[in-house]
Amino acid sequence: MIPLGCPLEADNSFGPVTNPRYRDGFDFTLLFEQAIFGLVPAVAFLIISPVRLHILAKCDVRIQFNKLRSAKLITIVVFAAI
């Protein structure tokens, strides 16, 4: 008897290859997609961002201080917090 569909338990295995009976043997499982396509870019960003912030902190400020700049910075911080 040929199974009609892939069971939900197949997505709990790690790897791009599932049981050959399901999905012709090759399809990304949900666990693999979340680990590789979600976590890897997030971790790379978290590792690289402090280096970039350190480089930017050493650069010269190229604008003059004014009230409009302060208002924009406060708005950006509020939107980032939300």
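Me: What should I know about the model before reading it?
Reply: Residues are numbered from 1 along each chain as its sequence is written, and side-chain values use heavy atoms, leaving out hydrogens and water. As the model is predicted, local features need pLDDT of at least 70 and side-chain atom pairs count only at pLDDT 80 or more, while totals for chains, interfaces and linings use all residues.

Me: How many helices and strands are there in the protein?
Reply: Helices (H or I, at least four residues) and strands (E, at least two) are DSSP runs, numbered from the N terminus. Here there are two helices and zero strands.

Me: How far should the 29 residues of α1 span?
Reply: The expected span of a helix is 1.5 Å times one less than its number of residues. For α1 that gives 42 Å, and its end C-alpha atoms are 42 Å apart, so the two agree. Helix α2 (residues 67–81) reaches 21 Å, close to the 21 Å expected.

Me: Where does α1 have a kink?
Reply: A bend is the angle between axes fitted to the seven residues ending at a residue and the seven starting there. In α1 a kink of about 30° lies at Leu 39, shortly before Pro 41.

Me: Is Phe 37 buried, partly exposed or exposed?
Reply: Buried means under 20% relative accessible area, exposed over 50%, and partly exposed in between (1.4 Å probe, protein chains only). Phe 37 counts as partly exposed because its relative accessibility is 48%.

Me: What is the count of buried residues in α2?
Reply: Zero among its 15 residues. Of the 82 residues of the protein, 10% count as buried.
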